[in-house]
Amino acid sequence: MLLAACGQTELYSKLSESQANEMIAVLQTAGIDASKTEVAEKGWTLSTAQGDFAQAVKILHTQGYPREEFASLGTVFKKEGFVSSPTEERARLQWGLSQELSRTVSEIDGVVQARVHVALADDDRLGDRKRPASAAVFIKYRPGANMDAQVGKVKAMVVNAVEGLSYEKVSVSTFPAQPLPIAARAPADNMVRGSIAALAVPIVLLVAAFFGYPGFRRWQQRRRIAAALPPVER
């Protein structure tokens, strides 16, 4: 049972080494031990104790891990030998821009998760009006990070990345993430005393068994000899 309780279970796989290191640091800050294992040509696997699995997943989720892999424009417009319609090309460009901008905003210090939704300018074919381009930015940030000071820079970056987009048509919504629980760690001397006490119990039992068993055997032999002798007449 003790061996089963100490077993490791897989949390996430196919991670980059840098992301695995970040996730281990987050879990250790919360008082949960974790380890990483490299799998050939498949990245890194993150593992933790079976009893910590649920809490570890919850903590990593609140901190935005594992990070999403965003597609680049080069991947979106990869040549595959097919001819796309103008509508398909426009949709792919819009989605590619959203992915690129989401990746860039995610790299800002203090950002846990980020999404950028871009709507490119479109002509109203049934009228004379033209729908202007717009963008909506979602940011979840770590508690304590001053994201209000970064909103103007984020809007300016999105405006300069999308053709025909005006500053007024960009909205940025920020939301704080849940605080990371910090586990109270016992002092080092208490941990040493606890380890010594845990080792002392089996040692005492082993010594008692080693020295007590021969005496118990001699006592049993005396009883058998005494039982075999005839009773003493008085």
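This is a predicted model: local features need pLDDT of at least 70, side-chain atom pairs count only at pLDDT 80 or more; totals for chains, interfaces and linings use all residues.
Entry 1: two helices side by side

I looked up helix H5, residues 86–106, and helix H6, residues 151–161. Their axes come within 11 Å and cross at roughly 150°. H5 and H6 are therefore roughly antiparallel to each other. I also checked the hand of the crossing: H5 passes H6 in a right-handed one.

Next I asked which residues of H5 and H6 make the contact. From H5 I noted Leu-97, Leu-101, Thr-104 and Val-105. From H6 I noted Val-154, Met-157, Val-158 and Ala-161. Sorted by class, the residues of this contact give 7 nonpolar, 1 polar and no charged.

I took the two pairings in turn. S4 and S7 run antiparallel and are joined by 8 bridges. Across this pairing, Ala-119 stands opposite Ser-134 in S7. S7, residues 134–141, runs parallel to S8, and 7 bridges join them. Here Ala-136 stands opposite Ser-171 in S8.

Where do the helices sit?

Entry 2: a ring pair

I looked for aromatic pairs and the count came to 1. The partners are Phe-138 and Phe-175. How are their rings placed, centre to centre and between the planes? The centres are 5.6 Å apart, the planes are at 35°, and the pair is tilted. I traced both residues to their strands: Phe-138 is in strand S7 and Phe-175 is in strand S8. They are 37 residues apart, and the pair links distant parts of the chain.

Entry 3: the sheet of S1, S2 and S3

I moved on to another open sheet of 3 strands. Its order is S1-S3-S2 and its pairing is antiparallel. Strand S1 (8–15) and strand S2 (34–39) are the edge strands, each pairing on one side only. The twist averages 25° from one strand to the next.

I checked the bridges. S1 and strand S3, residues 43–49, run antiparallel and are joined by 5 bridges. Tyr-12 stands opposite Leu-46 in S3. S2 and S3 pair in the antiparallel sense over 6 bridges. Ser-35 has Ser-47 as its bridge partner in S3.

S2 and S3 also form a hairpin, with 3 residues between the strands. Which residue of the hairpin takes a positive phi? I found Glu-41, with phi near 65°.

Entry 4: the helices on that sheet

I looked at what packs here. Helix H2, residues 17–29, lies across S1, S2 and S3. H2 runs at about 165° to S2. Helix H3, residues 53–62, packs on the sheet as well and touches S1 and S3. The direction of H3 makes about 30° with that of S1.

Then I compared the two helices with each other. The axes of H2 and H3 come within 10 Å and cross at roughly 115°. That makes H2 roughly perpendicular to H3. The crossing of H2 and H3 is right-handed.

Which residues make this contact of H2 and H3? H2 brings Met-23, Val-26 and Leu-27. H3 brings Ala-56, Ile-59 and Leu-60.

Methods:
Residues are numbered from 1 along each chain as its sequence is written. Side-chain values use heavy atoms; hydrogens and water are left out. Axes are lines fitted to C-alpha atoms, for helices over the stretch in contact, and angles run from 0 to 180 degrees between N-to-C directions. Helices (H or I, at least four residues) and strands (E, at least two) are DSSP runs, numbered from the N terminus. Angles under 35 degrees count as roughly parallel, over 145 as roughly antiparallel, 65 to 115 as roughly perpendicular and the rest as oblique. A crossing is left-handed if the near helix is turned anticlockwise from the far one by less than a right angle, and right-handed if clockwise. Contact means heavy atoms within 4.5 Å. Ala, Val, Leu, Ile, Met, Phe, Trp, Tyr, Cys and Pro count as nonpolar, Asp, Glu, Lys and Arg as charged, and the others, Gly among them, as polar. Two strands pair if DSSP finds at least two bridges between them. Rings of Phe, Tyr and Trp (its six-membered ring) pair if their centres lie within 6.5 Å; planes under 30 degrees apart count as stacked, over 60 as edge-to-face and the rest as tilted.
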